[in-house]
Number of protein chains: 2
Amino acid sequence: MKRLYHWPLDPAGRLVRLALGERGEAFETLESPPWSPHPDISRLAHGAVAPAIVDLKTEPRMFACGTRAICEHLAETGDGTALLPESAADRAEARRLWAWVEAACEEVTDTLLTERVMQWVRRDRQPDSARLRRGAHALRGRLTFMNGMVEINGYLAGRQVSLADLAAAAHLSAYDYFGDVEWDAVPDLKEWYARLKSRPSFRPLLADRLKAVRPVAHYADLDF
Amino acid sequence: MKRLYHWPLDPAGRLVRLALGERGEAFETLESPPWSPHPDISRLAHGAVAPAIVDLKTEPRMFACGTRAICEHLAETGDGTALLPESAADRAEARRLWAWVEAACEEVTDTLLTERVMQWVRRDRQPDSARLRRGAHALRGRLTFMNGMVEINGYLAGRQVSLADLAAAAHLSAYDYFGDVEWDAVPDLKEWYARLKSRPSFRPLLADRLKAVRPVAHYADLDF
């Protein structure tokens, strides 16, 4: 049994939940919002941040922090869906695109998603419209790129799901909670997202409901 | 035999050269400066950037782009020094700190290193003193953190060298070319760097000489 420290709308935490789900790993969750980390986190290691997993069965308790350490650990241990392809060439391509997704979505998360969270969840301040526009513009560019990738192969890094897809879906699902993804502009990516949404690992994410704000109507709809 | 596309002062390319050296892999190099990528790179994959390795022995030629794809590939294949520790807990910690190094150094590279390169190598413009100051300030913070880590264990993620150390040394060595690392303020990190510098994998980096500008006097000095 593993314990996951995460915050439901953090794309990094969402990726880890998807990866744990794909591997069929049982886990309990504790919330650790970015603005108020759970006190356990800082005790794990100097400079540690959520998402973090702790294996409750090992002594001393094995822990891993951050999407790279956690997902590579899950990829090289346990059962369930393989998170990376088998051949060296395909693994390299999946990791390249996984890294690309995380870097490319960082600007969108830092602007668009952060403004939405500040507006609806924290209610700290009015959203900064320049940052919302900048984030929306960046997101459109990323969507177009990803649409082209899945149009060729069905999935981002080939014909099977990998950490590149889970990372992309983790980010897009967080933006989609607030209705910020223009799915109709990217039909191949929309079809890809429908396939990912219907995977059992996705169910817990679609059930997320923040107290402060409900998701858009189509958020959990498999036929959106 | 592998071919590496890189630019000598790019920290990402330096990490790959160190990792290839530690694994004892023979490789030839082709230059691919960030401002003028080698034309082969864009033919590898849509959106690919240097550093990139191509395996000249495989058919079709296996390639990997970016530090994550390349270094994880090298860690799971071949011989030489293990790039990641053996136990799951230690691997997770090495990957957490490797990711931390890359994220933490990004600001320093984007400001301090970029300004130096623009000033001396490209001679495009006068350096922006505000960006130099911001980068130098960020670097001091990172050095202090890393000094604390190596003080405890000898290496960043434990008692043996790992990708976390190679990534840190790759970044610091690029800043050090221009004399921007205040080693005397971080004695434990200085001692750690002296140990890394004396590894055979480091020799090619210390032999780098850009046409446009020579390194500071102590750059290649093992007893600096």
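How many bridges join strand S1 of chain A to strand S3 of chain A, and in which direction do the two strands run? Four bridges join S1 (residues 2–6) to S3 (residues 52–55), and the two strands run antiparallel. Strands and helices here are DSSP runs, numbered from the N terminus, with at least two residues (E) for a strand and at least four (H or I) for a helix. Two strands pair if DSSP finds at least two bridges between them.

Before we go on, this is a predicted model, in which local features need pLDDT of at least 70 and side-chain atom pairs count only at pLDDT 80 or more, while totals for chains, interfaces and linings use all residues. Residues are numbered from 1 along each chain as its sequence is written, chains are lettered from A and ligands numbered from 1 in the order in which they are written, and side-chain values use heavy atoms, with hydrogens and water left out.

**The sheet of chain A**

The whole sheet is open and has four strands in the order S2-S1-S3-S4 (chain A), with mixed pairing. Strands S2 (27–31) and S4 (63–65) of chain A have a single partner strand each, so one side of each edge strand has no neighbour in the sheet. On average, neighbouring strands of this sheet are turned by 15° against each other, direction ignored.

Angles run from 0 to 180 degrees between N-to-C directions, with axes fitted as lines to C-alpha atoms, for helices over the stretch in contact. Contact means heavy atoms within 4.5 Å.

| Helix | Strands it lies across | Angle |
|---|---|---|
| H1 (residues 11–22) of chain A | S1, S2 and S3 of chain A | about 160° to S1(A) |
| H3 (residues 67–76) of chain A | S1, S3 and S4 of chain A | about 130° to S4(A) |
| H3 (residues 67–76) of chain B | S1, S3 and S4 of chain B | about 130° to S4(B) |

**The domains of chain A**

Chain A is divided into domain 1 (2–76) and domain 2 (88–206), with bounds from an automatic or database domain assignment. Their centres, taken over C-alpha atoms, are 20 Å apart. Across the boundary, 15 residues of domain 1 of chain A are in contact with 22 residues of domain 2 of chain A.

The unreviewed UniProt entry places "domain: GST C-terminal" at residues 90–219 of chain A; such annotations may be inferred rather than shown by experiment. Over residues 90–219, chain A is 68% helix and 0% strand, and the end C-alpha atoms lie 32 Å apart.

One residue to look at is A:Glu93, in helix H4 (residues 88–122) of chain A. Is A:Glu93 buried or exposed? A:Glu93 counts as buried because its relative accessibility is 16%; buried means under 20% relative accessible area, exposed over 50%, and partly exposed in between (1.4 Å probe, protein chains only). Leaving out residues up to four places away in sequence, A:Glu93 touches A:Ala157, B:Ala45 and B:Phe63.

**A helix in chain B**

In helix H7 (residues 187–197) of chain B, the residues B:Leu189, B:Trp192, B:Tyr193, B:Leu196 and B:Lys197 are buried. They lie on the same side of H7(B) because they cover an arc of only 135° around the axis, the arc being that of the directions from the helix axis to the C-beta atoms. The cover over these buried residues of H7(B) includes helices H5 (129–153), H6 (163–177) and H8 (203–206) of chain B.
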